[in-house]
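The tour below moves from the whole chain to its sheets, and then to individual side chains.

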Amino acid sequence: MSATPELRSHEGYDWVFVLNGNLRLVLGEHDLIMEPGEAAEFDTRTPHWFGATSAGPVEFLSLVGKQGERAHVRAAPKRHLGEG
């Protein structure tokens, strides 16, 4: 891991999903490397930072909601009208 990132905190809730590359997520005292297909969610009042690793670029999705809101992930697709 390279330079020491400057952690920030603010109101809200964040959901992060890695598409390509490796994402470095520093969350409080935890320093994580996330790979494609991995997701994390956290209260943004926790000091945090995320960005590319020294291994190269990263592509990721980040959704930020109001305080207390969380991303809702559907476990199975809805059935379409006329099915089953």
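Predicted model: local features only at pLDDT ≥ 70, side-chain atom pairs only at ≥ 80, totals over all residues.

Residues are numbered from 1 along each chain as its sequence is written, and side-chain values use heavy atoms, with hydrogens and water left out.

**The whole chain**

Begin with everything selected and a surface shown. The accessible surface of the chain comes to about 6,100 Å², of which 53% belongs to carbon and sulfur atoms; such areas come from the Shrake-Rupley method with a 1.4 Å probe, and for residues only the protein chains shown count as cover. Of the 84 residues, 25% count as buried, where buried means under 20% relative accessible area, exposed over 50%, and partly exposed in between (1.4 Å probe, protein chains only). If contact is taken as heavy atoms within 4.5 Å, then among contacts between residues at least 6 apart in sequence, 62% join residues at least 24 apart.

**The sheet β4-β1-β6**

Next, select β4, β1 and β6, which form an open sheet of 3 strands in the order β4-β1-β6 with antiparallel pairing; two strands pair if DSSP finds at least two bridges between them. Because β4 (39-43) and β6 (59-65) each have a single partner strand, they stand at the edges, and one side of each is left without a neighbour in the sheet. Neighbouring strands of this sheet are turned by 15° against each other on average, direction ignored, with axes being lines fitted to C-alpha atoms, for helices over the stretch in contact, and angles running from 0 to 180 degrees between N-to-C directions.

Select Tyr 13 and look across to β4, where its bridge partner is Asp 43. The side chain of Asp 43 also meets that of Arg 45 in a salt bridge (2.7 Å, N to O), a salt bridge being a side-chain nitrogen of Lys or Arg within 4 Å of a carboxyl oxygen of Asp or Glu. Arg 45 is partly exposed, with a relative accessible area of 47%.

**The sheet β3-β2-β5**

Move on to β3, β2 and β5, an open sheet of 3 strands in the order β3-β2-β5, with antiparallel pairing. Its edge strands are β3 (30-34) and β5, each of which pairs on one side only. Strand β2 (residues 23-27) pairs with β3 in the antiparallel sense over 5 bridges.

Which residue of β3 is the bridge partner of Arg 24? Selecting the pair shows that this partner is Ile 33. Arg 24 also forms a salt bridge with Asp 31, the closest N and O atoms being 2.8 Å apart. At 7% relative accessibility Arg 24 counts as buried, whereas Asp 31, at 36%, counts as partly exposed.

From here, pick Thr 53 in the loop between β5 (48-52) and β6. Thr 53 is buried, with a relative accessible area of 16%, and, leaving aside its neighbours within four places in sequence, Thr 53 is in contact with Asn 22, Leu 23, Arg 24 and Ile 33.

**Aromatic pairs**

Finally, show the aromatic side chains. A search of the whole structure finds 2 aromatic pairs, counted where ring centres of Phe, Tyr and Trp (its six-membered ring) lie within 6.5 Å, with planes under 30 degrees apart called stacked, over 60 edge-to-face and the rest tilted. Trp 15 and Phe 17 form a stacked pair, 6.1 Å centre to centre with 5° between the planes; Trp 15 is buried at 19% relative accessibility, and Phe 17 is partly exposed at 25%. Phe 50 and Phe 60 form an edge-to-face pair, 5.4 Å centre to centre with 90° between the planes. That pair links distant parts of the chain, with Phe 50 in strand β5 and Phe 60 in strand β6, 10 residues apart.

Notes: Helix = DSSP H or I, 4+ residues; strand = E, 2+ residues; numbered from the N terminus.
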